[in-house]
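Here is a short briefing for a reader new to this structure. Look at the sequence and the model first, then work through the points below.

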Amino acid sequence: GPDVDRVGSWFNGKVEFPVRPPHLRASAKQVNLLGARLSQVRWRDAATLLYDVGGHKVTVMVFDPGNLPLDRNGLRAVHVGNRDVYVGAARGRNVAVVQRGPIAYALSGDVDLGEMLQLAAYAAAP
């Protein structure tokens, strides 16, 4: 559901890291959390969050990359605020990967690249 705090607490005990669904913002567009589910990234537990961003769906995967380096193949680094966001495209969707402390956020959706960068910056904000 759309309650960010409730979604975050639902993951307690289901994954081995804290899931804090980001409060995403996009310029002049309504952003709503639609729901979440358990998933995996490279055989590791992950939280998948689905957002509606002005009528476009954006998926945010939250995971602990552990000792595995993030897969940045085909992505280019863009410095946003005080961190690097790795962006590119896959299967017709823009992709952004950013890390905040020990947690990584991988975003994908059919929003334009500038908006994806903005969303990724909010995902990695403390």
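A residue counts as buried when its relative accessible area is under 20%, as exposed when that area is over 50%, and as partly exposed in between. By that rule glutamate 115, at 6% relative accessibility, is buried. The model is a predicted one.

- Strand 2 (residues 44-53) runs antiparallel to strand 3, and eight bridges join the two.
- Tyrosine 51 stands opposite valine 58 in strand 3.
- Two residues lie between the strands in the hairpin of strand 2 and strand 3. There, glycine 54 takes a positive phi near 55°.
- Strand 3 (residues 56-63) also pairs with strand 7 (residues 103-109), in the antiparallel sense and over six bridges.
- Valine 58 stands opposite glycine 109 in strand 7.
- Valine 62 has tyrosine 105 of strand 7 as its bridge partner.

- Five bridges pair strand 4 with strand 5 (residues 83-90) in the antiparallel sense.
- Arginine 76 has valine 87 in strand 5 as its bridge partner.
- The hairpin of strand 4 and strand 5 has two residues between the strands. Glycine 81 in the turn has a positive phi of about 65°.
- Strand 5 is joined to strand 6 (residues 93-100) by five bridges, and the two run antiparallel.
- Alanine 89 stands opposite asparagine 94 in strand 6.
- Strand 5 and strand 6 form a hairpin, again with two residues between them. Arginine 91 in this turn has a positive phi of about 55°.

**Salt bridges**

- Side chains of opposite charge can pair when their charged atoms come close.
- Glutamate 115 and lysine 29 meet through their side chains in a salt bridge, at 3.1 Å from N to O.
- This pair links distant parts of the chain, 86 residues apart. Glutamate 115 is in helix 2 (residues 113-123), and lysine 29 is in the loop between helix 1 (4-10) and strand 1.
- Glutamate 115 is buried at 6% relative accessibility, whereas lysine 29 is partly exposed, with a relative accessible area of 34%.
- Lysine 57 and aspartate 52 also form a salt bridge through their side chains, at 3.3 Å from N to O.
- Lysine 57 is partly exposed, with a relative accessible area of 38%. Aspartate 52 counts as buried at 17% relative accessibility.

**Around tryptophan 10**

- The count of aromatic pairs comes to one.
- In it, the rings of tryptophan 10 and phenylalanine 11 have their centres 4.9 Å apart. Their planes stand at 85°, so the pair is edge-to-face.
- Tryptophan 10 is partly exposed at 41% relative accessibility, whereas phenylalanine 11 is buried, with a relative accessible area of 1%.
- Lysine 14 places its charged end over the ring of tryptophan 10, 4.4 Å from the ring centre.

Technical notes
Residues numbered from 1 in each chain as written. Predicted model: local features only at pLDDT ≥ 70, side-chain atom pairs only at ≥ 80, totals over all residues. Heavy atoms only, no water. Pairing = 2+ DSSP bridges. Helix = DSSP H or I, 4+ residues; strand = E, 2+ residues; numbered from the N terminus. Salt bridge = Lys/Arg side-chain N within 4 Å of Asp/Glu carboxyl O. Buried < 20%, exposed > 50% of the residue type's maximum accessible area, 1.4 Å probe, protein only. Phe/Tyr/Trp six-rings, centres within 6.5 Å; stacked < 30°, edge-to-face > 60°. Lys NZ or Arg CZ within 6 Å of the ring centre and 35° of its normal.
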